[in-house]
Amino acid sequence: MHSQKTMIATNRFGLGARPGEAAQAASDPQGWLQVQLESKNDSDFQATGLKPSDQAAREYFEYQAARRKEKKETSAKADGGNPPKPIMNSPRNTLAREIEARTRFAVTTSNPFRERLVRFWSNHFTVSTTRNPVVPVAGAFEREAIRPHVTASFFDMLLAAEMHCAMLLYLDNAQSVGPNSPGGKRRGRGLNENLAREILELHTVGVNGGYSQEDVTNFAKVLTGWTIAGPRDRNPTGKTYFDERRHEPGTQVVMGKSYPDLGGEQAVKVLKDLSTKPETARFVSTKLARHFISDEPPARAVEKLTRAYLDSAGNLGVVSAELVKLDEAWQEPAEKFKAPDEFYISALRGLGADSPQSRGLRGTYASLGQLPFSTPSPAGWPDEAQAWLGPDSIQKRLEWSQALANRVGRRFDPRQFVEEALGASAGERTRAMVNGADSRQQGMTLALMAPEFQRR
Amino acid sequence: MKNRQSRRSFIGMMGGAGLVGALHPAMAFAKGAGDRYLLLVILRGAMDGLGAVIPYHEPKLNDWRRILVPPEPGSAEGALALGVDGFALHPSLEFMHAAWKEKELSILHAASSPYRERSHFDGQDVLESGAAQALAGRDGWLNRALQKTPGVEAAAIGGALPLVLRGDAHAVSWAPSILPEADDDTLERLMRMYEQDKALQTALQDAQSLDMAAGDVDGDAKKVVAGRNYGPVLEAGANLTASGAAGVVVMSLSGWDTHNNQGAQTGILAGRLGQLDKGLVAMKRTMGSKWPNTVVIITTEFGRTVRSNGSRGSDHGTGGVAFLAGGAVSGGRMLGDWPGLAQGALYEDRDLYPANDLRALFKGVLRDHLGVSRKDLDRSVFPDSKNVDPLKGLV
């Protein structure tokens, strides 16, 4: 039987053991994780057929223009009528392909620890399709701003994320204009503080990080000018660029430090300083410890991660390696209740699936309560059991588990599933209930809903 | 909703004595504050306030939007006069009209949240968070109010908690099942498997109780989850309250974004309003003896343009309409100020001027119906809203 330690590596750090995976991790579970941190890139992620963000953004502009034109033509006709459906590549299709690709990769990857980190950081730097322009670029955001950096420099990830078109659109910096900039004076447009506030509150120093409203305002001024070349620009490339004409001129003081006006570089300097602040180290470390250990992260673990962060100037490879070394992260029983998408991915991995369901993927995610890239607020998906352990979510998990079990039941032996997916983590009671089920389908339903499979 | 009978037997098997006995302790004793009940209905997509409550006394009304205006009160298929100025309800709102006459309905026209732009998501975000701008709030005003009224259980109909109900106070959501429900034998085995896992056990037990409490919901479950089938949503919400499972329930109804072919006495908006009106009939019937202690708030993220657009509909506007219904309402009143529809009175020369702050309505209900203090309303429920006085005498 696979040891508890092995199963912690595959299930708590990884995304749930695939058949045969525990055997690979068994001889040296920590080493199995460490190797994943050292794999230099994520070239195994197949981005074939997916669009870079600038291309997706340009298609979105065209799509919008086409819709406007159609609307105008419809209006011109006296009888109204329903506007015809746009025939172009719709932003929703782009998003659906991104979600399918990301799901497929999570289900099949042999570097699941690394992929869990991608998802963790992607959630930390949330962009959400609740705002329409984010729809076509949300998937590209994760591929371009998050994936390359999960075991590298936090500053690089921070910079890539904040300057990505998806973030500039999501948190309104694309429209933010310095009141004393040439653009601000001419058009009377104003400052938007959303991005500045969320960088401080959610991405770096945290809500108790010691900043004031004035810091938010000043930082917002620093950020003005960073926008995306959109339909109103001479060359609508869909790329991020710095527009001097919107930039608020002058020196700005952010969290006690003066930043002279260096144009676009002014924002880079502030981000650089934020990335190495002890408050940022602690905020990020607390979130990591919460994700990998417990909803109430142990103080010693947070301390060690914070030190690793500061000693390495925010090297996320070093911090992640420290995480693997923490005794607190290897305790049983598992305390983390799986979020819906973790549950879904781990179930498919446990069954050895090589792709997600081809139809109804969006509906499945939605009914389980966690459609990718649709978080209701910039704070991202919650990482606490309380948020996911509601009666209705358990009911929907149960119904989905039963439907899955009915589909695969005859081909899979639930006892085998328990051995491969849970090993020594499965308790006596769970084993007895699965063994005593009146059918394979019922046994599989019980295994998927077992307390040990619902947690990690 | 299949399986209703067996669900009943399952709960009996779990050692519960009838419905309330089977509920989670917190839910078994759930009440409104002092047996007062609050049902919040959010019309998502921006309901056309001028289409629902029509000011026939405005000389410019037909100039702005003739194709959207039903015949005047008194004529065939005409609107239903309210007896205040020339205001009348859309002809589909028969129950609401009767409620008005029984003084169980009040109306706040030209109302809006502090939001002044025209995105549905941002508008709903501000409406629900109670913050001054979009994305600035992490939790909802109703949840913050519930933190001040301990013992009141809250629920929402839908696949997830809406923002207005998210936060530290406990709240649950309920949605009808799209997939087949689990059979009794599997449920019973699961409960045995969860004997040493209190959290999962409680959640599963509550799920069965909630399902019972929400009652038999007719119609396509997917449409109910999406808020596109109003009657079942409103009935399920009332069932949760009437059965004692929750004192506060939030329901969301979608489909109000009438850019095209909105219609007048008939048409898309008429159909939606009719569904809403019939749902309220079911709601009152379901609430039964609790109706006299009930307030129903019906609100939407913003209004629609005063002028009809080129596709025989209306576009996103600012000032909209909110209703207060229920036996506890001190009704028959047009609340707040009326800015009028004269050329110069429009907001940005296109919208009904937002003369009334929705927060004043919400604050009035929370204070006088649920007993939340003015201090809490000004500081935590609606942060920095000291200058927004609660509307008086709503209940």
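Analyst: One definition before we start: two strands pair if DSSP finds at least two bridges between them. Also, this is a predicted model.
User: OK, how many bridges join β2(B) to β4 of chain B?
Analyst: Three bridges join them. β4 covers residues 87-89 of chain B. The two strands run antiparallel.
User: Which residue stands opposite V53(B)?
Analyst: That's L89(B), in β4(B).
User: What's the strand order in that sheet?
Analyst: The order is β2-β4-β3, in chain B. Three strands make up this open sheet, and the pairing is antiparallel.
User: And which strands are at the edges?
Analyst: β2 (53-55) and β3 (80-81) of chain B. Each of these pairs on one side only.
User: New topic. How many residues of chain B are in contact with chain A?
Analyst: 37 residues of chain B, and they meet 38 residues of chain A.
User: Which element of chain B gives the most to that side?
Analyst: α10(B), with seven residues. On the side of chain B that touches chain A, β7 (171-174), α9 (184-193) and α10 (198-214) each supply at least two residues.
User: What kinds of residues are on that side of chain B?
Analyst: They divide into 20 nonpolar, 10 polar and seven charged.
User: What about the largest nonpolar core? Which residues touch the most other members?
Analyst: A166(A), V41(B), A155(B), V249(B) and A325(B) do. This core has 239 residues. α10(B) turns up again: it supplies the largest share of the core, eight residues.
User: Take A325(B). What does it touch?
Analyst: Leaving out residues up to four places away in sequence, A325(B) touches M96(B), A99(B), E104(B), L105(B), L280(B), V296(B) and I298(B).
User: Now chain A. How many helices and strands are there?
Analyst: Chain A has 24 helices and four strands.
User: What does it span?
Analyst: The C-alpha trace of chain A spans about 75 × 65 × 40 Å along its principal axes.
User: Why does the radius of gyration agree with a compact globule?
Analyst: Because a compact globule with 456 residues would have a radius of gyration near 23 Å, and chain A has 24 Å.
User: How much of chain A is buried?
Analyst: Buried residues make up 53% of its 456 residues.
User: And what share of its contacts is between residues 24 or more positions apart?
Analyst: 70%, counting the contacts in chain A with a separation of 6 or more.

Definitions and conventions: Residues are numbered from 1 along each chain as its sequence is written. Chains are lettered from A and ligands numbered from 1 in the order in which they are written. This is a predicted model: local features need pLDDT of at least 70, side-chain atom pairs count only at pLDDT 80 or more; totals for chains, interfaces and linings use all residues. Two residues are in contact if their C-beta atoms, placed from the backbone, lie within 7 Å. Ala, Val, Leu, Ile, Met, Phe, Trp, Tyr, Cys and Pro count as nonpolar, Asp, Glu, Lys and Arg as charged, and the others, Gly among them, as polar. A nonpolar core is a set of buried Ala, Val, Leu, Ile, Met, Phe, Trp, Tyr and Cys residues joined through C-beta atoms within 7 Å. A residue is buried if 20 or more other C-beta atoms lie within 10 Å of its own, exposed if 12 or fewer, and partly exposed in between; C-beta atoms are placed from the backbone. The radius of gyration is taken over C-alpha atoms; the globule rule is 2.2 Å times the number of residues to the power 0.38.
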